[in-house]
Amino acid sequence: MKKLILSLCAVLSLQLAFAQTADEIINKHIIAIGGAENWKKINSMVMDASIKAQGAEIKVTRTQIHNKAMRMDIAVAGMNGYQILTQTAGWGYMPFAGQTKAEPMTADDVKTSQDELSLLDEFVTYKEMGKKAEYLGKDDLDGTECLKVKLTDKDGQETTFWIDPATFYTIKQVQKVKANGKEVESVSTYSNYKKIDEGIVYPFSIGGDNGDIEITKLTINSTIDESLFKPSN
Amino acid sequence: MKKISLAILLLASLHAVAQTTVNSGMFGMLEARQLGPGTMSGRITSIVGVNSDTKVIYVGTAGGGIWKSTNAGTSFRPIFDKYCQSIGAIGISQKKPATIYVGTGESNMRNSVSIGNGMYKTTDAGDNWKFIGLDSTEHISKVIVHPNNDQIVYVAVPGPLWSDSRHRGLYKSVNGGESWEKILYKDEKTGCAELLMDPKNPDILYAAMWQFRRQPFSFNSGGEGSGMFKSTDGGASWKEITNGLPAKPFGRIAMALAPSDPKKMWAIVESKSTGLYISEDGGESWKNQSATMNVCARPFYFSTFEVDPKDAKRVYRPGYEFSYSDDGGYSFSGASGDGGWVHSDMHALWINPDNTNLLYLGTDGGVYKSIDKGITWTFTHSLPVGQFYHVAYDLQKPYRVYGGLQDNGSWMAPSAAPGGISNAHWSRVGGGDGFWTIPDADGQTVYSEYQGGNMSRVNLQNMKSEEIQPKQTSQEEKLRWNWNTPLVTGAKNSKNLYTGAQYLYRSVNQGRDWTRISGDLTTNNKDKQKQEESGGLSADNTSAENHCTIFTIAESPLDANMIWVGTDDGNIQYTTDGGKTWKNTASAYAAAGIPAGTWVSSIEPSHFDKNTVYATFENHMYGDHATYLGKSTDMGHSWTRIKHNDFTGFAHKICEDPVNKNLLFLGTEMGLFATLDGGNHWLRMKNNIPEYALVRDIKIHPETHDLIVGTHGRGIFIVDDISVMRNLTAEIWEKDVYLFPTAAMTLNNGQYGWGGPEVSGGWWAGNPPSNPSIDYYLKERLNTGSAEISIYDANHTLIQTMPGSKRKGINKVYWNLRGLPPKVAEGSTKMDGAGFTAPMVLPGTYTIELKIKDQIYTSKVQCVHDADNKDLSAADRTLVYNKAMQLQQLYNNINADVDTIQYYKTKLKADSNSKVNKAMLADIEKIRAELMATKQTSIFADEEKLREKTSKLYGSFCSMEAKPNDIQLKAIEALDEEYKQLNKKLKATLEKHLPKLNL
């Protein structure tokens, strides 16, 4: 009898686990991060951040107009570089790596990076962007049993999200990018979520291939000088 | 009401889960290093590529999961690490190539073959997998997806090797694996081993049925069930084909058809006169064709036959060796040796359909690639899928690991090396199938063996070896040596070397002489000793079926006279008097619910109590896959079976931690498990180790506290320093945050030195960390708030702050033993190294402050002088530190002057038309150009000014691990002097210009 009850429990809990649909998870996620309305009010963002490694610090400023253009300025050891992405072009100037003037991004890179231009959480806009959401079940991520959701865009480009069921925040994201004849996975992790004045909840720590970026200041909807989005050298 | 009570039960069970228990996630940060080797790989079972994008290739392995390449084999990555690692077959929908079906459980039915647990499917090219049934099939030989419909899939199931089963046969699904129909079935002894589909008419199918069986002591291939069949209606009906084939019974049949002309067919039919048969009419009739030994050898093991997709005359037989024919199979030639040896024993071949010169071959030793239709081959050095049976370590610094590989000899490698461990660090110490490979305590000798107890003592100085296997004397029965004969040194007295046939032998002089110290310790059942009759239709008796032998030997770490022996036929015996008398405890473990007669796979006498012993038992050769782990606390008089719901796979090895008696590790055919409470709760180790890894052996290094894991399909893994597992108690894991004590840190630039430029290709494993980590425990992942670690010196001056990780469970942060680097002035034209380094701190006690959200947790760490470094005394260290700090100050002064100049430059530029401004700008820019490099426009042009010279010398002092020489010290003075002059000049220039300006 005990066995029967146990197995019933197992069945029930299994069903509960799988009863979640992608939509339910996404809805809970959007509520957790401040609601779609608040997100949709964002037109521009200036993010000041730093990356610390072995005591050295890299300062980063990301300036962006929603769905239009993005510029990232990077200051390392007395040198300044930048990266620019617009809807049609992109440039990189990395003097740290020996570049002496801005170099254009490949057309493939510009095309596959367009998602970067959105300032909104992917789930706020995925439907209008024509992306498909799929719930892939639970997945253990560094000890946390996460909800795994995949978004696939019209071109078949896939991004997978690990959502912590305790908070419904995204804690990891893997984007698979096929560009320039190679397939590359870009991994980001998110933590230190904070609610800001505009009502949205934003991760102030973003982990990537080059260490953790800690956001020090976030300015929403300030006026942005669009001449920034042209290479200056 | 019933609903409510169920809900309450459910809540209760959820609550039980919510209480913290030890789980896999807690140790995720203890990431294992996969050592390889890649220089010697392992058995490959399946290779398939994507026809529409032939750069994409999937490789299925015997015990290492699936590896994917997206660059035609230049590099691979594993994509099946959460599932069963034994791969039988991979089937791709070429129409929708992101849809792939995988059958687990290899079908090369040798004695050591693993088992699978059914079918899996991905619809996103391997990122996510779903189990889709057929869980009792154990072995799957072919998966074919309908070319025009990715929902239709056929699966050929030979089925269980060691028992009868109704799960054998040919299965079909028409709904993408949601349900399965068995479309061809003979009986519980006969499975489906071969399947072909006519690419021009996918309703035409050919299948070969195979009757086969292994017992622990014999193998039989062949029987009345075997036969060749054809269907022309997608498997709805079948007819048996006999016309032109030899007289039945058959054994295993390998078949192929020409994709360009599918009526042309080939078959190697195992029978009393095994041979090659050719059909020109779609299998309706066959003609025998004489063929070489290689074409017909070992049909139970070599079942691959392929035809060029474009040329029906170009036929390939990868078997014992590689044969190819240019005349449709009438005559065969062999691959050339140019380009090096190609591993024998071949099981998979994929021919690029666009470029049929390009072939990928899977062997018992990895993947080879040919660009000339198989005439010459290049080895793939980056697939670490070797199949170890055992691992061992020595006490060198860094220690070396040793082990024997299935079909690939015995090897050793350092656990750390300058630059990390690459393929080049692996050395071969023995041949054949490698098993126990054991270092002697003298540091210069290793014992290695190959199948059937052939053992040698190898001199590591000159790599010469002497054969040392004990021989039968006139008073004894023929010696029975297990395929995987134990060869071990004593846990208490390392000078004792043991081996066993049916008798136990001990040597105290490195195998030069042996003393037999037991009678026959096995059941000596004569019915299980008829190996000469093994094989079935084809004789196959390679010592793999030897039985009634000793399989495991363990000397107690507390008493060298206490020796435990386990046999393959179920005896577990011990002596407490060095072998004079023996006691068999077989009946006692059987009373604990472990089947009698079970293979005793490992015995672990406790490090803490002579009466306590652990053992693993495995019964898969009788079709029983249960995980059997036993413990006795009364010297084997009574046993308790330790069970856990999470256990999967039959058990190979139990290992007790020598420090914490409650910490145990269990290795099974499907996973590595650990318990922190003596066996009540277990967790699956997932930390970079495949979750269902075939774990054959586990060792814990007594000095480095590393967990060394030998797998049968993924080489060797090392989990560096498991101390934190020893220290994690229930009291700690109930806390929200806990900062563990940090072990002393030795002040040096790392233990392992520089290994030269990056390794070009091959498998590479990094080194263990050079210094202990700062460990802390978080009960939950930190989603809000930050984690930060700060280090302070004895005066509470901040030395450095580092971001902390935020994962659930154990977190590890490494401090580089240095303070903060100096700030670099603006306006540089090239990266300046000084901005990234600082002198190493001086010996002393430092405070660690862990800040989680707003809470602070503190502990201390000792930083100690590296006494092993004879080039640097404690006094030298202080000198080096002081000089580095002096240079840092000089560097800061230079940068301050540069900043001053930059300040005035900005101001002056506001009115750059002014003459006076122009004059001052020119003067100060001249000084700036002496203070730092300003002209260089390329990273390849080295312009060195005062700052660059200072930076370089500062860098030297920061990394210095020897007493500085006179010239280095004088150089500091010279730089100081140069700075003083420039600083004077700057001041004079400012004094000259500033009064004239209105800034």
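1. Two residues are taken to be in contact if their C-beta atoms, placed from the backbone, lie within 7 Å. In this predicted model, the contact between the chains draws 32 residues from chain A and 42 residues from chain B. On the side of chain A that touches chain B, at least two residues each come from α1 (2-19), β7 (132-141), β11 (182-195) and β13 (211-220) of chain A. The greatest contribution to that side is made by α1(A), with five residues. Sorted by class, the side of chain A that touches chain B comprises twelve nonpolar, twelve polar and eight charged residues.

2. Chain A as a whole contains five helices and 13 strands. Its C-alpha atoms occupy a box of roughly 75 × 35 × 35 Å along the principal axes. Of the 233 residues in chain A, 28% are buried. Where contacts in chain A link residues at least 6 apart in sequence, 42% of them join residues at least 24 apart.

3. Helix α2 (residues 22-32) of chain A has a buried set consisting of A:Ile25, A:Ile26 and A:His29. These residues lie on the same side of α2(A), because the arc they cover around the axis is only 95 degrees. In general, an α-helix has 3.6 residues a turn, so residues three or four places apart point the same way. The exposed residues A:Asp23, A:Glu24 and A:Ile31 are carried on the face of α2(A) turned away from its buried side.

4. What covers the buried residues of α2(A)? The cover includes α5 (122-125), β7, β8 (144-152) and β9 (158-163) of chain A. Strand β7 of chain A also supplies at least two residues to the side that touches chain B. After α2(A) comes A:Gly34, which has a positive phi, near 110 degrees.

5. In chain B, four strands form an open sheet in the order β36-β37-β38-β39, with antiparallel pairing. Strands β36 (434-439) and β39 (464-467) of chain B are at the edges; each has a single partner strand, so one side of each lacks a neighbour in the sheet. On average, and with direction ignored, neighbouring strands of this sheet are turned by 25 degrees against each other.

6. Within that sheet, strand β37 (residues 445-450) of chain B runs antiparallel to strand β38 (residues 454-459) of chain B, and six bridges join the two. B:Val446 stands opposite B:Val458, which belongs to β38(B).

How values were computed:
Residues numbered from 1 in each chain as written. Chains lettered and ligands numbered in written order. Predicted model: local features only at pLDDT ≥ 70, side-chain atom pairs only at ≥ 80, totals over all residues. Nonpolar A, V, L, I, M, F, W, Y, C, P; charged D, E, K, R; others polar. Pairing = 2+ DSSP bridges. Axes fitted to C-alpha atoms, helices over the stretch in contact; angles between N-to-C directions. Buried ≥ 20, exposed ≤ 12 C-beta atoms within 10 Å, placed from the backbone. Arc of directions from axis to C-beta.
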